[in-house]
Amino acid sequence: MSGNGPLVAIRNVVKRFGSIVAVNNVSLDVQQGEFFALLGPSGCGKTTLLRMLAGFETPDSGEILLEGEDLVGVKPWKRPVNMMFQSYALFPHMTVYNNVAYGLREDRLDKQEIDRRVREVLEMVGLLGLARRKPDTLSGGQKQRVALARAIVKQPKVLLLDEPLAALDRKLRVEMRLELKRLQHEVGIAFIFVTHDQEEALTMADRAAVMNAGQVLQVGTPQELYELPTSLFVANFIGESNVFTGSLKVAGDDVTVVGAERAWRVSAEASRRVGLKDGDAVAIVIRPEHLQIIPAASGQETNGLSNTATGMLIETAYLGSMRHYIVELDDGTRVMAQTQAGHIFDSLTEGTRVSVGWELERGVLVPADDEALIEGAGLSGAL
Amino acid sequence: MRSKFLKRVRALDVHLVLVYLFLYGPIVMLIVLSFNELGLPTAWGGFSLKWYGELARNTALLNAGINSLIVAGGSTLVSAVIGTLLAIGLERAVRSTLLDAFVFVPMIIPDIVLAIALLSFYSLLKMRLGLYSIMLSHIVFNIAFVAAIVRTRLSYFDPSLEEASMDLGATQIKTFLKITLPLILPGIMAGALLAFTISFDEFVIAFFTAGPGQPTLPIQIYSMVRFGVTPDVNALSTIILFISITSILVAQRLSGMRGVL
């Protein structure tokens, strides 16, 4: 056992199903006590990776180390790892109590010890009063808690959660995010959870790995992933973004992205961050909240904004605390901007002539990966 | 609108009653006759349990009944075990639809074909015929019935239940005994009851593969019928009918597949 190493170390893991490479040379570290998310669209390999951690799938090559010991080939029932299933997988013929006690009984603990621990964990999830009930008499939220209790009662070194909130309705899902986070702090076990919901990953995880097509594209804190994506896929998958493509032109500290219609300025730092060179096909990513809108008639200056363009406001949407704007630029490109409600431009109506622009350092530069870029330049994300 | 709706319901009701009369009229007649003092279909001599008493004294018929119970019971037990394992194997391991289809063939092919095939097979092996040869023959098609019913049960079975059990520390065998088996048990019971019912009154295959002097109930009744039906057969039929109906109802309830059985 290594004291300082990562709790879980995944090293060059490959898993194929027939001709499909589900997990393609993935390496990841998860630390002690960490809340870690595997985030990606369906079919990206995140669930397969989780199932390899649980022992339900065996990697074709690579290593999965838990506290320095290789888990590959260790049967699921011998791993100090427990899993919470997406369907919860509660045993329908057993009471809540017996579901939770199942794993402890397999460990042949004595009766008092089992009883004490089952009660303790049921109390923790607030279900002690329902111990004698059968799973099919419980609500979705209660089932979820039983599944969680059953998975943590054995105090595993790592808890795996497969889409833990997917089966709940939206309101409950948002509540349970905080609840799960609280529980994780309380038990101090490392949680690795799989989700396709970027909002869920951002709100719950200490760190997340964004996966696509069997590969990990980027690992980082939610803030890093949102603010400094290193690929167009991550930029598009996490949050919403405006994307402008072109080829990179570096002249000393003067860096521009030359597109079909015009060139956009980028900070020199941004180009260095992802190691892009002169001539590379690149994309600038600007989050909607960083795109500023100034009505042409307001007479306000666009000073301080490094890249500006004019266009027409074609759509506004009021979202309570936010306001969304869609602007069609004069070259036909559509962009999206977002402001806090109560902003001075609340009264802007569709058809208004506007200028849009952003501060130089808000433009994030990423390689223009052809596969992830579906519609070329312009608006992407959830529209 | 309302009266039109009512009219349609009435027309359907009449239809329903006629269909049920057609289906169950003769059977009801049989039940009534079994309580007829005279034992004749032509005249009612008053209610009596006389023929049930006669039945109790008819040793040939009773022995045949015991033979049928042995054949049905034995073939049911064996086919419940093999059929269940087969269903699990088909559901989990086999990816061939052809192999899949062949399992259910014994359920569908005409009894007479299966009977001839089995008889030729037994004589090829120079096997002596007896109750066990009938039992063996019944196992052939009963496996298919049990497998079919257990499979429908298995297709509703969430495989992550087994994974959860293994994840919590139970080995594969323990998982099967503590999770899989209890959950598919209703399906196995339903399959077994169906198998028993089919086997108990199966005639064609039993007739071909029976040994001398050990008839099953249907064979015995058949041979009696040739010399004229004695009224105690009505009594026996009524008893069998009630056993069959009860077990079908129980099987239906257990398997939760109304309309399939």
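These notebook entries record what I looked up on cores and salt bridges.

**Basis.** I worked with a predicted model, in which local features need pLDDT of at least 70, side-chain atom pairs count only at pLDDT 80 or more, and totals for chains, interfaces and linings use all residues. Residues are numbered from 1 along each chain as its sequence is written, chains are lettered from A and ligands numbered from 1 in the order in which they are written, and side-chain values use heavy atoms, with hydrogens and water left out.

**Entry 1: nonpolar cores.** I looked up the largest nonpolar core and found 55 residues. Such a core is a set of buried Ala, Val, Leu, Ile, Met, Phe, Trp, Tyr and Cys residues joined through side-chain atoms within 4.5 Å. Buried means under 20% relative accessible area, exposed over 50%, and partly exposed in between (1.4 Å probe, protein chains only). Ile192(A) is among the residues with the most contacts inside this core.

**Entry 2: salt bridges.** I noted 26 salt bridges over all chains; each is a side-chain nitrogen of Lys or Arg within 4 Å of a carboxyl oxygen of Asp or Glu. Arg207(A) and Glu34(A) form one of them, at 2.4 Å from N to O. Glu34(A) is buried, at 8%, whereas Arg207(A) is partly exposed, at 22%.

**Entry 3: further pairs.** Lys178(B) and Glu106(A) meet in a salt bridge at 2.8 Å, N to O. I recorded Glu106(A) as buried, at 9%, and Lys178(B) as partly exposed, at 33%. In another salt bridge, the closest N and O atoms of Arg182(A) and Glu186(A) are 2.6 Å apart.
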